[in-house]
Amino acid sequence: MRDQAGLSGDDLRLGYHGKRVVDGASLRIEAASVTALVGPNGSGKSTLLRALARLHQPESGSITFPDGGNALALSAKEFARKVTLLSQSRPTPNGVSVHDVVGYGRHPHRGRWRGDDPDGHRAIEHAMAVTGVTAMAGRSVDELSGGELQRVWLATCLAQDTGVLLLDEPTTFLDLRYQIEILDLMRDLADDHGVAVGVVLHDLNQAAAVADRIALLDQGRVRATGAPAEVLDAAALSETYGIPIEVGTDPATGLVSTRPIGKHLSRIPTS
Ligand SMILES: Nc1ncnc2c1ncn2[C@@H]1O[C@H](COP(=O)(O)OP(=O)(O)OP(=O)(O)O)[C@@H](O)[C@H]1O
């Protein structure tokens, strides 16, 4: 049984080589819930997610679990049993099979000896099945398409079986079917397994459809956090993205729906 999932970053200041790119951001990734991070290019979404995954050292601020435990104080292995990140780019190993790459996800559960991860086989098979990569288990990952590879890395994260799952643009490279399957999978993980999902998405309508809460980043600050209908406000979005964005309700779903307006694109609905 997992600990209660969840992760909070509070008042985080993050930068590169002395240049501040996230300034005083706070973000809570709650158990049994999907939190989407949205915002323009360069607003700090990936940096914030990487900091929560301990891949970027904060200049200041704290990262804690729901019981108050300091996430920065755990050993790398203890942390990896609780939190995983699907990042935008990972180096692709040469000549390693899909099955073995998915097996990398089991690293925090393995001890010193082979065979001491009794749940490993089941976790790897399950992760491959739900991401649709079982049929390519024996193929070498360096021969895969961008979308196939993206699903293999997602399977690796799922095999890690953590209570907190952070995903940086997981639908990039994916065709429509797998975009929807991965959004559905996020909801299943939150609803059926209590996972705390934090996900960077560019498509505001996908964010509105999948997320319980949305955090809108603007130039390194969290401009708004809350339910999709609260955060996806036409004036705030238009100012943040620097183009007119209309907000309405999708008559088919009843969900909040956004529509960026371009010179030629005003009549073309987004997804
Ligand atoms: N390795 C790096 N070295 C220096 N600056 C960086 C580095 N990575 C990101 N930055 C800068 O930090 C800022 C925030 O970048 P980040 O990747 O977090 O934004 P983002 O919101 O995820 O953007 P995108 O939507 O384009 O992925 C940007 O100004 C970017 O140029």
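A residue is near a molecule or strand if its C-beta atom, placed from the backbone, lies within 6 Å of it. The model on screen is predicted, so local features need pLDDT of at least 70 and side-chain atom pairs count only at pLDDT 80 or more, while totals for chains, interfaces and linings use all residues. Residues are numbered from 1 along each chain as its sequence is written.

Select the ligand first, and around it you will find Tyr-16, Val-21, Gly-39, Asn-41, Gly-42, Ser-43, Gly-44, Lys-45, Ser-46 and Thr-47. Helix H1 (residues 45–52) gives the most to this shell, with 3 residues; helices (H or I, at least four residues) and strands (E, at least two) are DSSP runs, numbered from the N terminus.

Next, select strand S3 (residues 33–38), which is largely enclosed by the rest of the structure because 5 of its 6 residues are buried (20 or more other C-beta atoms within 10 Å of a residue's own, all placed from the backbone). Two strands pair if DSSP finds at least two bridges between them, and S3 pairs in the parallel sense with strand S7 (residues 196–200) over 5 bridges, where Ala-36 stands opposite Val-199. S3 also pairs in the parallel sense with strand S8 (residues 213–218), over 4 bridges, and there Thr-35 has Arg-213 as its bridge partner.

Finally, colour domain 1 (1–82 + 163–241) and domain 2 (92–161) separately, with bounds that come from an automatic or database domain assignment. Their centres, taken over C-alpha atoms, are separated by 24 Å. The contact (C-beta atoms, placed from the backbone, within 7 Å) takes 12 residues from domain 1 and 11 residues from domain 2.

Terms used
Buried ≥ 20, exposed ≤ 12 C-beta atoms within 10 Å, placed from the backbone. Contact = placed C-beta atoms within 7 Å.
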